[in-house]
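Here is a short report on one structure. Please look it over alongside the text below.

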Amino acid sequence: MTPAVGTAQGLQLGFGQSQQDTGLPVEVTAESLSVNQSDGSAVFEGDVDISQGDMRMTADKVNVHYLPDNSGIDKLVAQGNVLLVQGPDAAEANEAVYTIANGDVVMSGNVTVNQAGTTISADRMVLNLENNTARMTGRVKTVLKTE
């Protein structure tokens, strides 16, 4: 086995088995919900579980930011023990920001991705759920099997 370490150039990879339809409804389950009418946000706390199609995200806390006209969700900001699962792939991080309109999930802080028995770690990962691509940057590290 030969370790592969990338830095500034990052590492390109896919995530999940298929593209995600970001237009699907977002379902959220949590221990508590706080709503702030003045800034159009909501905060879910305690065993937060979010699902959309075959994508699932869990975290300690998730802030939901709505579009300015309140017609839908702009982004979800997950903090603490973030786990993102799509198909057979899983990613963990300290924080994730999911922008619904473009399907981008930016994960940061101790990012670890598990794919088909391979583990890849980095400081940051930008995942696009619509086109099933990911880019990892910042001290990317994995072990590549030679057989």
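The sections below cover the model, the core, a hairpin and a charged pair.

## Model and conventions

This is a predicted model, in which local features need pLDDT of at least 70, side-chain atom pairs count only at pLDDT 80 or more, and totals for chains, interfaces and linings use all residues. Residues are numbered from 1 along each chain as its sequence is written, and side-chain values use heavy atoms, with hydrogens and water left out.

## Nonpolar core

The largest nonpolar core holds 30 residues. Such a core is a set of buried Ala, Val, Leu, Ile, Met, Phe, Trp, Tyr and Cys residues joined through side-chain atoms within 4.5 Å. Buried means under 20% relative accessible area, exposed over 50%, partly exposed in between (1.4 Å probe, protein chains only). Met57, Val62, Tyr98, Val105, Met107, Met125 and Met136 touch the most other members. Among the elements that give two or more residues are strand 5 (41-52) and strand 11 (133-137). Strand 6 gives the most, with five residues. Strands (E, at least two residues) are DSSP runs, numbered from the N terminus.

Beyond neighbours within four places in sequence, Met125 contacts (heavy atoms within 4.5 Å) residues including Ala91, Val105, Met107 and Met136.

## Hairpin

Strand 4 (residues 32-36) pairs with strand 5 in the antiparallel sense, over five bridges. Pairing requires at least two DSSP bridges between two strands. Ser34 stands opposite Val43. Four residues lie between the strands of this hairpin, where Gly40 takes a positive phi near 65°.

## Salt bridge

The whole structure has one salt bridge (a side-chain nitrogen of Lys or Arg within 4 Å of a carboxyl oxygen of Asp or Glu). Arg56 and Asp49 form it, at 2.5 Å, N to O. Arg56 is partly exposed, at 44% relative accessible area.
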